[in-house]
Amino acid sequence: MLALACFFWINSFQPAAAMHIMEGFLPLKWAILWWALTIPFIAAGIRSIQKTIKQHPETKMMLGLAGAFAFVLSALKIPSVTGSSSHPTGVGLGTILFGPLVMAVLGTIVLLFQALLLAHGGLTTLGANAFSMAVVGPLMTYAMYQLGRKMNLSFILAVFFAAFIGDLATYTVTSFQLALAFPAETGGVMASFAKFAGIFSVTQISLAIAEGILTVIVMNWLVKYNKNELNQLSVAVKEA
């Protein structure tokens with residue numbers, strides 16, 4: 001375990017093109033656009049967090065857990081093809097616990113710390129990375145979780161597919177962001193999207209499966225030992 005942890009830590013500093021878009025990689029107009037699309041979700045998320053803490057102050061530890069889970073998983077850069085790398089997102093757990101708006105805030109904070117401490121992503125591309133991982137990923141996770149419950153899937157399957165889809169949605173949006181900024185000379189945006197998506201899909205699909213399984217394990221642990229807090233959170237999410 002120690003050797004594996006050291007590998008992930010060392011690899012996090014490699015200057016490869018990761019699923020987080022690296023510092024200075026996007027043209028200015030695209031960096032500004034993604035910030036403009038992300039900021040409203042962050043503002044709404046701050047209000048949602050304030051409301052949740054005010055109504056259920058005992059859930060602060062769960063907020064910390066959701067943020068830590070996302071930080072650890074999304075910091076694990078695993079080498080992919082053509083010098084790129086992939087990683088889990090970790091946003092599924094917090095989304096199921098608190099809803100997608102809260103994760104817009106927690107996910108952005110996670111990405112900020114990774115940019116500052118691990119050189120993973122960047123400040124100029126923070127808006128783009130936050131939009132894919134902290135906005136779209138949680139929204140798709142939440143939609144899939146609600147759909148699973150309406151379809152009467154078991155709790156385990158609903159959690160698994162929610163985390164799985166949220167992970168894939170994040171990498172799909174990142175691929176589209178890169179394609180918009182750097183369209184191919186032949187085939188334009190769609191050809192470029194196919195190229196970027198193809199690069200990430202080699203490792204990202206298996207990572208999404210692993211993230212789904214890990215999210216299920218943690219959720220089952222919370223159900224066993226923190227059932228009271230989960231009941232309160234379900235009320236808070238419903239009312240928020």
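Begin with the largest nonpolar core of this predicted model, a nonpolar core being a set of buried Ala, Val, Leu, Ile, Met, Phe, Trp, Tyr and Cys residues joined through side-chain atoms within 4.5 Å, where buried means under 20% relative accessible area, exposed over 50% and partly exposed in between (1.4 Å probe, protein chains only). Select L93, L97, F98, M219 and L222, which touch the most other members among its 33 residues. Two or more residues come from each of α2 (28-55), α3 (60-74), α4 (91-98), α5 (100-117), α6 (126-150), α7 (155-181) and α8 (188-225), with helices (H or I, at least four residues) and strands (E, at least two) taken as DSSP runs numbered from the N terminus. Apart from this core lies another, of 19 residues, including I21, W30, L168 and V173.

Next, centre on L222, which, leaving aside neighbours within four places in sequence, is in contact (heavy atoms within 4.5 Å) with M62, L65, L93, L97, K227 and L230.

Now show α2 and α5, whose axes come within 7 Å and cross at roughly 110°; axes are lines fitted to C-alpha atoms, for helices over the stretch in contact, and angles run from 0 to 180 degrees between N-to-C directions. The two helices, α2 and α5, are therefore roughly perpendicular to each other, a term for angles of 65 to 115 degrees. Here F41, I42, A44, G45, I46, S48 and I49 in α2 meet L101, V102, A104, V105 and T108 in α5.

Finally, select N152 in the loop between α6 and α7, a residue that has a positive phi of about 65° although it is not a glycine, and that is exposed, with a relative accessible area of 70%.

Residues are numbered from 1 along each chain as its sequence is written, and side-chain values use heavy atoms, with hydrogens and water left out. Because the model is predicted, local features need pLDDT of at least 70 and side-chain atom pairs count only at pLDDT 80 or more, whereas totals for chains, interfaces and linings use all residues.

Key
Parallel < 35°, antiparallel > 145°, perpendicular 65-115°, else oblique.
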